[in-house]
Amino acid sequence: MTQLQTPVIDRPLTVDAPAAKAPSHPPIADPGPLGLAGFALTTFVLSCFNAGLIADMTLEAVVLPLALFYGGFAQVLAGMWEFRKNNTFGAVAFTSYGAFWLSFAAYVKFIAPHLVPAHAHQATGLFLLGWTIFTVFMTVVTTRISGLLLAVFSVLSVTFVLLTAGQLAQQTSLIHIGGWCGLLTALLAWYGSFAGVANNTWKNASLPTWPFSA
């Protein structure tokens, strides 16, 4: 008897599945102009009081809603969107300064009124000193980004130094000079916001920001 050969059953041909692609996310608009605009407007209004342009300090309460909603909440949102765009500097800067304005509003509204008047300037000076340190090291980082950001952060650093020294030494003249520097900071930040909106909308670089080469 002959042995029956078991037929060979061919395996079905398989096609290698394509490598899974990372999920793509639609692009988002640049949040930088929003963050700069919120920072500029809030800084401008507060600096008008620090510079002595408005003598009635009871009117300073006008800064609080700006610090909460535009300088604060809007900047934090801009920072979160910068995280989405993988921009570490923008994310840290906008989120931090948004938190600065939120904490400033809370300090003025809830903390400062309960401090001993004779020593309140020390608490305010310490608050500003911490932000001075943060601003100085962020200024160092801008030396690899653009001339505009370097100008904004350099003047902002001087502003914080003067305001801190003015509070700790109780020197109104230093606070006034710091206020004028704050006004200049606001104008530079407003220009940065204007340039970002205009260049993106016009699809060209009509307004320079002087980026540094990598």
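Helix α5 passes helix α6 in a left-handed crossing, a term applied if the near helix is turned anticlockwise from the far one by less than a right angle, with right-handed used if clockwise. The two helices, α5 at residues 147-169 and α6 at residues 172-202, pack at an angle of about 160° with their axes 8 Å apart. Axes are lines fitted to C-alpha atoms, for helices over the stretch in contact, and angles run from 0 to 180 degrees between N-to-C directions. The angle therefore makes α5 roughly antiparallel to α6; angles over 145 degrees count as roughly antiparallel, under 35 as roughly parallel, 65 to 115 as roughly perpendicular and the rest as oblique. The residues of the contact of α5 with α6 comprise 17 nonpolar, eight polar and no charged. In this division Ala, Val, Leu, Ile, Met, Phe, Trp, Tyr, Cys and Pro count as nonpolar, Asp, Glu, Lys and Arg as charged, and the others, Gly among them, as polar.

The model is predicted: local features need pLDDT of at least 70 and side-chain atom pairs count only at pLDDT 80 or more, whereas totals for chains, interfaces and linings use all residues. Residues are numbered from 1 along each chain as its sequence is written, and side-chain values use heavy atoms, with hydrogens and water left out.

The secondary structure of the protein consists of six helices and zero strands, where helices (H or I, at least four residues) and strands (E, at least two) are DSSP runs numbered from the N terminus. Along the sequence the pattern reads α-α-α-α-α-α. Of the 214 residues in the protein, 39% are buried, meaning under 20% relative accessible area, with exposed over 50% and partly exposed in between (1.4 Å probe, protein chains only).

Helix α5 also packs against helix α3 (residues 88-111), at an angle of about 30° and with the axes 14 Å apart. That angle makes α3 roughly parallel to α5, and α3 passes α5 in a left-handed crossing. The 23 residues of α5 should span 33 Å at 1.5 Å a residue, and its end C-alpha atoms are 33 Å apart, which agrees; the expected span is 1.5 Å times one less than the number of residues. Gln170, which follows α5, has a positive phi near 55°. Within α6 lies Gly196, which counts as partly exposed because its relative accessibility is 22%.

Helix α1 (residues 32-50) has 19 residues and reaches 26 Å from its first C-alpha to its last, close to the 27 Å expected. Because 16 of these 19 residues are buried, α1 is largely enclosed by the rest of the structure. Asn50 belongs to α1 and is buried, with a relative accessible area of 14%. Just after α1, Gly52 takes a positive phi of about 85°.

Aromatic pairs number 16, counted where rings of Phe, Tyr and Trp (its six-membered ring) have centres within 6.5 Å; planes under 30 degrees apart count as stacked, over 60 as edge-to-face and the rest as tilted. Among them, Trp131 and Phe134 form an edge-to-face pair, 5.8 Å centre to centre with 85° between the planes. Both residues lie in helix α4 (residues 120-142), three residues apart, about one turn of the helix. Trp131 and Phe134 are both buried.
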